[in-house]
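This report walks through one chain of a model, from its overall build to a single residue. The sequence and structure come first.

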Amino acid sequence: MLSCKDVTRLLSESMDHSLPLGKRVGVRLHLLICRFCSRYERQLLLIREIIRRLAVPEDPSGPSTGELLSEEARERIRICLANG
Amino acid sequence: MAKSANTDPAEWVDRYGDYLFRYAMLRRRDRSAAEDLVQETFLAALKSRGSFSGNSSESTWLVGILKHKIADHFRRQAREAPLGDGDLREHPDPSPFDGSGHWASGPADWGGNPADLYREKKFLDQLTECLSGLSPSHANAFTLREIEGADTGEICKVLNVTETNLWVILHRARMQLRRCLETRWFGRKTGKEP
């Protein structure tokens, strides 16, 4: 019988490679009876989903949201490019 | 496509500066390091301009150069600070499990948890803070896997670790990051039996 500690490790591993059948079944059975581990799985997948969306670079010609280059850095890079 | 699709490098900073900067910030989480990366990317692009085929858009080409620079940084960091025993311990302290491997304190209920949180600047700030709280090797492995979407074989080469060790590192990073986000963002109630 897998413990919660084993299952959290296997849940993470299953996000990186496919688990052997026996382990996959063991994890699924555990999730049926363990709400904490089910919750843990949902939360890991949610974090993955949010980060994947975040990581898609937006259209460079679209409106800028979020962090901007400082004026100082902008100027420094311009000079650097002009001399490069 | 002809090379005429290229823009004048004098326009690059205004056209692509913020875009590349945000890309670098999410992966390096350090303002001045990200600014330097943008500068190095433009300089490298200037030198290799002749080899830009015009098959991809200019922004994709620039991001490609930036990606290489970020991977170079991770590679260098892995060489300079190889993994210690502490990096391969399965759980952050304190362990969330009791002696028999059951949750001592389980994950809290995160409520509605909308996936479009990625649009919220405040959430991004908390995520960045949480990532910065991981050890560099954990943060870099997580960044390559989840932000860059690299496969594990590729990451093993960059970080010079075995696949088994990488799984442990990613498990630990996910567990720690989940806990950090729970404390800083989602946490409403502590994990009692739901």
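## Chain B overall

Of the 194 residues in chain B, 34% count as buried. The model is predicted. Chain B holds 7 helices and 0 strands. Along the sequence the pattern reads α-α-α-α-α-α-α.

The C-alpha atoms of chain B fill a box of roughly 65 × 35 × 30 Å along the principal axes.

## Two domains

Chain B splits into domain 1 (3-80) and domain 2 (85-186). Their C-alpha centres lie 27 Å apart. The contact between them takes 8 residues from domain 1 of chain B and 12 residues from domain 2 of chain B.

On the domain 1 side, α1 and α3 of chain B each supply at least two residues. The largest share of that side comes from α3(B), with 5 residues. By class, the domain 1 side has 4 nonpolar, 1 polar and 3 charged residues.

## The interface with chain A

Chain B also meets a partner. Here 49 residues of chain B are in contact with 39 residues of chain A. Six helices of chain B each supply at least two residues of its side: α1 (12-28), α2 (31-47), α3 (58-80), α4 (121-132), α5 (136-147) and α7 (163-186).

The largest share of the chain B side, 12 residues, comes from α1(B). By class, the side of chain B that touches chain A has 29 nonpolar, 11 polar and 9 charged residues.

## Helix α5(B), an enclosed element

α5(B) is one of the helices that supply the side touching chain A. Its burial stands out: 10 of the 12 residues of α5(B) are buried, so the helix is largely enclosed by the rest of the structure. The buried residues are Ser137(B), His138(B), Ala139(B), Asn140(B), Ala141(B), Phe142(B), Thr143(B), Leu144(B), Arg145(B) and Glu146(B).

What covers them? The cover of the buried residues of α5(B) includes α3 (35-55) of chain A. From chain B, it includes α1, α3, α4, α6 (152-159) and α7. After the helix comes Gly149(B), with a positive phi near 70 degrees.

## How α5(B) meets α7(B)

α5(B) and α7(B) pack at an angle of about 95 degrees. Their axes are 9 Å apart. The angle falls within 65 to 115 degrees, so α5(B) is roughly perpendicular to α7(B).

From α5(B), the contact uses Ser137(B), His138(B), Ala141(B), Phe142(B) and Arg145(B). From α7(B), it uses Leu166(B), Ile169(B), Leu170(B), Arg172(B), Ala173(B) and Leu177(B). By class, the contact of α5(B) with α7(B) has 7 nonpolar, 2 polar and 2 charged residues.

## Asp36(B) in helix α2

Asp36(B) sits in helix α2 of chain B. Is Asp36(B) buried or partly exposed? Asp36(B) has 18 C-beta neighbours inside 10 Å, so it counts as partly exposed. A residue is buried if 20 or more other C-beta atoms lie within 10 Å of its own.

Ala24(B) is 12 residues away from Asp36(B) along the chain. The C-alpha atoms of Asp36(B) and Ala24(B) are separated by 9.5 Å.

Methods:
Residues numbered from 1 in each chain as written. Chains lettered and ligands numbered in written order. Predicted model: local features only at pLDDT ≥ 70, side-chain atom pairs only at ≥ 80, totals over all residues. Contact = placed C-beta atoms within 7 Å. Helix = DSSP H or I, 4+ residues; strand = E, 2+ residues; numbered from the N terminus. Nonpolar A, V, L, I, M, F, W, Y, C, P; charged D, E, K, R; others polar. Axes fitted to C-alpha atoms, helices over the stretch in contact; angles between N-to-C directions. Parallel < 35°, antiparallel > 145°, perpendicular 65-115°, else oblique. Domains from an automatic or database assignment.
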